[in-house]
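Please read the report below alongside the sequence and the model.

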Amino acid sequence: MDSHNGSIKITEFVIGGFEKIERPMEIGVVIFIVYCLVMLANTLNILFIILDKKLHKPMYLLICNLAAVDMLYSSTSSPTMIGVLLAGVNTISYVACLIQMFTFQVAETMEMFALAVMAFDRLIAISYPLRYHSILTNMRTIALTFFLWVTACGFVTLMPLLVIPLPTCFKRLRYSFCDYPAVVRTSCVNPSYYFNLATIIWFSILFFTFGFICLTYLWILSVVLRSSKNESRKVLSTCLSHLIVVVCYYIPLFVRMVLTRMGLKLTLEERQGLTIGAILGPSLVNPFVYCLRTKEIKIKLFDMLKKVKLIK
């Protein structure tokens, strides 16, 4: 541990992640547009499901949960980045920074949990189609979702508990918003211990959820191999939306969390670009995938568009 003699009392941080980028205004406009689309598309998905009683089923409740997670995930970082790039507001209070760090990590954890529980839903629907509605009721789905949110908050609570006691030596954050690595790097201590501790937690969650998803699809594949061609096509069509979402989320996550720990060198700008893409990309893709790939939601959307045309 380093000496704490140089520590300072912090009331706010300076966000320095965008200081060296070219064309900040253009990047800010792009982030703003994508963020607006994320919020609009996910809000519509939630409203479609809430307002149509026919969609009050476990699978759609899980889609609702994923939409809520995506909105939280994007909202924890995007407004801060938009404020820095478009309005030049590059400071954030200490308390607001800790809240942002906590909510960002909760959203990131819940994204993995949400995708894992959706894989479980598909496993039950395909392996036990006749018992699906008795195994996964709406109340059990809501209870399971609530349990996952509480579990995510429990895991992430460790982060502020580790950060708050640390003496601070720097006001400037290296990254574009308040996440755990950025806040730890402002302290007067050697960050290695705190990074390694966080890595153990995140790797455990990452490999548990991804491993669980892989196992569910191996089970589903075994069902497909025993099914007729028509049934196999239906099964694959049912799972395709979820598979697209899983790939979009986990590939950048593995690059950012695993490959960089294994020696992949990224510049600060590349790391930030990957992080921003990993946050906004899946959050934008998810609602469109489920809207266009899920028959009931697609029909609901087309009916709404038809009504709008008739009114005009």
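The sections that follow take up these topics in turn.

## Basis of the report

The structure described here is a predicted model, and the values given below are to be read with that in mind.

## Packing of α4 and α10

Two packed helices are described by the angle between their axes and the distance between the axes. For helix α4 (residues 94-127) and helix α10 (residues 229-259), the packing angle is about 155° and the axes are 11 Å apart. Angles over 145 degrees count as roughly antiparallel, and α4 and α10 are therefore roughly antiparallel to each other. The crossing in which α4 passes α10 is left-handed.

On the α4 side, the contact is made by Glu-108, Glu-111, Met-112, Leu-115, Met-118, Ala-119, Arg-122 and Ile-126. Their counterparts in α10 are Val-235, Thr-238, Cys-239, His-242, Val-245, Val-246, Tyr-249, Tyr-250, Leu-253 and Arg-256. By residue class, this contact of α4 with α10 comprises 12 nonpolar, 2 polar and 4 charged residues.

## Aromatic pairs

A pair of aromatic rings is described by the distance of the centres and the angle of the planes. The count for this model comes to 11 aromatic pairs. One of them is the stacked pair of Tyr-73 and Phe-104, with 5.6 Å from centre to centre and 25° between the planes.

Tyr-193 and Tyr-194 form an edge-to-face pair, in which the centres are 5.1 Å apart and the planes stand at 85° to each other. As for accessibility, Tyr-193 counts as partly exposed because its relative accessibility is 48%, whereas Tyr-194, at 10% relative accessibility, counts as buried.

## The ring cluster

Ring pairs also join Tyr-73, Phe-104, Phe-177, Phe-203, Phe-207, Phe-210, Tyr-249, Tyr-250 and Phe-254 into a cluster. Among these, Tyr-249 and Tyr-250 are also listed among the α10 residues that meet α4, while Tyr-73 and Phe-104 are the partners of the stacked pair described above.

## A positive phi at Arg-23

Arg-23 has a phi near 55°, which is a positive value in a residue other than glycine. Arg-23 is found in the loop between β1 (12-15) and α1 (24-51). With a relative accessible area of 62%, Arg-23 lies over the 50% cut-off and is therefore exposed.

Key: Residues numbered from 1 in each chain as written. Predicted model: local features only at pLDDT ≥ 70, side-chain atom pairs only at ≥ 80, totals over all residues. Heavy atoms only, no water. Axes fitted to C-alpha atoms, helices over the stretch in contact; angles between N-to-C directions. Helix = DSSP H or I, 4+ residues; strand = E, 2+ residues; numbered from the N terminus. Parallel < 35°, antiparallel > 145°, perpendicular 65-115°, else oblique. Left-handed = near helix turned anticlockwise from the far one by under 90°. Contact = heavy atoms within 4.5 Å. Nonpolar A, V, L, I, M, F, W, Y, C, P; charged D, E, K, R; others polar. Phe/Tyr/Trp six-rings, centres within 6.5 Å; stacked < 30°, edge-to-face > 60°. Buried < 20%, exposed > 50% of the residue type's maximum accessible area, 1.4 Å probe, protein only.
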